[in-house]
Each structure stands twice: as C-alpha cells, then as structure tokens.
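Hi everyone, thanks for coming. Let me put the model on the screen, and then we can walk through a few spots together.

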Amino acid sequence: MKIYTRTGDAGQTGVIGGRVDKDDARVEAYGTVDELNSFLGQAMSFMDTERFGDLLADLLQVQHELFDCGSDLALLREELRPYKVTAEMVAALEPWIDKYDAETPDITRFILPGGGQVSSALHVCRTVCRRAERRVVTLAREQAINPEVRRYLNRLSDLFFTIARTANFREGVADVEYVRSAEVFRRQS
C-alpha cells in the first residue's frame, strides 16, 4: 500500500460516506482530536513505567478511545454504521478522575499549567482537548454528530487536569496557584 494517494490534491478528503473539503468543520473536529492523540502520545513518552504505570495503562485506553471519537466524527450519516463512543465510555472516565484526584492535595484556586515535564505535557493535552471540544460543538451546530463524543471530550479534559496534578505530586513538584484569583474551589471534606 502506498502512503500517498493523490486523492486529496484538490483540497478534499474522504470521510465515512463521502468526500468533504479539507477545511470542513467535520475535518477540523476529527483533525483536532487526532492532534490531541499525538500530544497524548508525546506526554506518555515522558512517563516512566515505575512511577506512572497505572497512568500509562489508562492513557493507552484513552488513545484508542480518541481514535473511536475521530471515527465517529468522520461519519457523515449514522445509518452507515453504529457509533463507537458510548455513554459508558464517558462514565468510565469519572472513577479515574476521582481516583487520581484523591492522590493530590486539595486546591482552592486555579492552577497555572506547568510543573514537571509530564505535567506540562498533560496540560497541553488538556487545552488541545478543550479546543477539540469547541470544534465538535461547532460541527454539531451544522451537522449531526454522536453527542457522546462531545461529552467524552468534556470529561477527558477534566481527567487531563487531574492527572497533570497527579504527575506533579508523584514527582514532588508543587502546583503553582494563580495568586490573583479568589478562592474558587471548595475544600473537600
């Protein structure tokens, strides 16, 4: 199989069920999910298995699920095949968020992105995930989508925030609070 096909030279690309312009909202949405998956792969490459083995296993599953998101976003019409992203996949992220959040100190203010290399890379994933979510919202205004993809991305960005803090904690790096903020989070009891 050749990598190049020349079929996109005129500015269109194939999606499931037809062809669209390469700057179509659908392509922007699944392209941003693909970008997120690439940044996630990079973040994972910074993690050692001894300290981050559990995170690596969970994030590998997320990478597969991001491919599912992209596949659903590339689908022009639902009747062509069933959607892959489900409400159960969205719900499965919440226990991970709770588990990793329990490892970290309580916060009362916003946290500046950064810290160690792993945490910084995960914050990039969080912000790209938020952009992907915005692209999906735009697409959903114009065309039918699997609404679970939007929910999945929303929850996933929360997971990235949480595990970025977890990474700093495991590496002994303190989160840096945004000091110009009032206290916006309630202390957990």
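Leaving aside neighbours within four places in sequence, which residues is Q143 in contact with? They are D24, R26 and L76, where contact means heavy atoms within 4.5 Å. Before going on, a word on the source: this is a predicted model, where local features need pLDDT of at least 70 and side-chain atom pairs count only at pLDDT 80 or more, while totals for chains, interfaces and linings use all residues. Residues are numbered from 1 along each chain as its sequence is written, and side-chain values use heavy atoms, with hydrogens and water left out.

Back to Q143, which sits in the loop between α4 (117-142) and α5; helices here are DSSP runs of H or I, at least four residues, numbered from the N terminus. The side chain of Q143 makes a polar contact with the side chain of R26 at 2.8 Å. By polar contact I mean a pair of N or O atoms within 3.5 Å, and within protein one must be able to donate a hydrogen and the other to accept it; residues adjacent in sequence count only if both atoms are side-chain atoms.

R26 also belongs to the α1 side of the meeting with α2, where L56 and L59 are among the α2 residues. Helix α1 (residues 25-45) and helix α2 (residues 49-73) pack at about 165°, axes 9 Å apart. Axes are lines fitted to C-alpha atoms over the stretch in contact, and angles run from 0 to 180 degrees between N-to-C directions. So α1 is roughly antiparallel to α2, a label for angles over 145 degrees.

Terms used:
Helix = DSSP H or I, 4+ residues; strand = E, 2+ residues; numbered from the N terminus. Parallel < 35°, antiparallel > 145°, perpendicular 65-115°, else oblique.
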